[in-house]
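Work through the exercises below with the sequence and the model open side by side. Each task is followed by a solution in steps.

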Amino acid sequence: MHFLSQLINYLQTTLIPNRGFLKTRLADVSLYFRGLAWISLWSTIIDSIFLQQSIPFIIWFILHFIFIAIAILLYLLFFSYLNRWFIQWILPRPWAYRQVFPYTVAANIWTFPIGVFLYQFGYPTLGAAFIIIGHLVYSLTPLLLVRKKKKSSRPSS
């Protein structure tokens, strides 16, 4: 049950990009890999609704899950480097890469499956735009809120 409560808490934390969202950068390895599995699972379920399979469903589902997970890992790798650049640009002290990757996973927990759904529903441009813009919103909003808060909390001379 502890596993399920941790996952639910993680999913709730990643739902709204606010100051609390920044805690996801300190997530345990198992927790953000559960987030990766969450993204891969929902993307596979959405694809299984729309795609025609010529092999048995269980085999197709497992193989598709593995290939989606690899593709998402590559996507997250690219965007974590982009996030690292944003963090160095926005915040006065940059984060270590071991903190940037979990933050990038959290930024895509909700936007990636919704973007895949839009793509499979017949809106490929909207789906791809939702994935990219959603990632940017979820990544940049907490960083800009922290920067704004730190600037406004300084006493004026």
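A residue is called buried when its relative accessible area is under 20%, exposed when that area is over 50%, and partly exposed in between. The model is predicted.

**Exercise 1.** Classify tyrosine 75 and phenylalanine 79 as buried or exposed.

Solution. 
Step 1. Tyrosine 75 has a relative accessible area of 15%. The cut-off for buried is under 20%, so tyrosine 75 is buried.
Step 2. Phenylalanine 79 has a relative accessible area of 7%, so this residue is buried as well.

**Exercise 2.** Describe the geometry of the ring pair formed by tyrosine 75 and phenylalanine 79.

Solution. 
Step 1. A pair of aromatic rings is described by two values, the distance of the centres and the angle of the planes.
Step 2. Rings count as a pair if their centres lie within 6.5 Å. By this rule the model has 10 aromatic pairs.
Step 3. For tyrosine 75 and phenylalanine 79 the centres are 4.6 Å apart and the planes meet at 45°. Planes under 30 degrees apart would be stacked and over 60 edge-to-face, so this pair is tilted.
Step 4. Tyr75 and Phe79 also belong to one aromatic cluster with Phe78 and Phe112.

**Exercise 3.** Find what surrounds threonine 44, and state whether threonine 44 is buried or exposed.

Solution. 
Step 1. Threonine 44 sits in helix H2, which covers residues 29-50.
Step 2. Its relative accessibility is 0%, so threonine 44 counts as buried.
Step 3. Leaving aside residues up to four places away in sequence, threonine 44 touches Trp60, Phe61, His64, Phe65 and Ile68.
Step 4. With histidine 64 there is a side-chain to side-chain polar contact of 3.4 Å.

**Exercise 4.** Which residues of helix H5 are buried, and what phi does glycine 122 take?

Solution. 
Step 1. In helix H5, residues 111-120, the buried residues are Thr111, Phe112, Pro113, Gly115, Val116 and Leu118.
Step 2. Just after H5, glycine 122 has a positive phi of about 110°.

Conventions
Residues are numbered from 1 along each chain as its sequence is written. This is a predicted model: local features need pLDDT of at least 70, side-chain atom pairs count only at pLDDT 80 or more; totals for chains, interfaces and linings use all residues. Side-chain values use heavy atoms; hydrogens and water are left out. Rings of Phe, Tyr and Trp (its six-membered ring) pair if their centres lie within 6.5 Å; planes under 30 degrees apart count as stacked, over 60 as edge-to-face and the rest as tilted. Buried means under 20% relative accessible area, exposed over 50%, partly exposed in between (1.4 Å probe, protein chains only). Helices (H or I, at least four residues) and strands (E, at least two) are DSSP runs, numbered from the N terminus. A polar contact is a pair of N or O atoms within 3.5 Å; within protein, one must be able to donate a hydrogen and the other to accept it, and residues adjacent in sequence count only if both atoms are side-chain atoms. Contact means heavy atoms within 4.5 Å.
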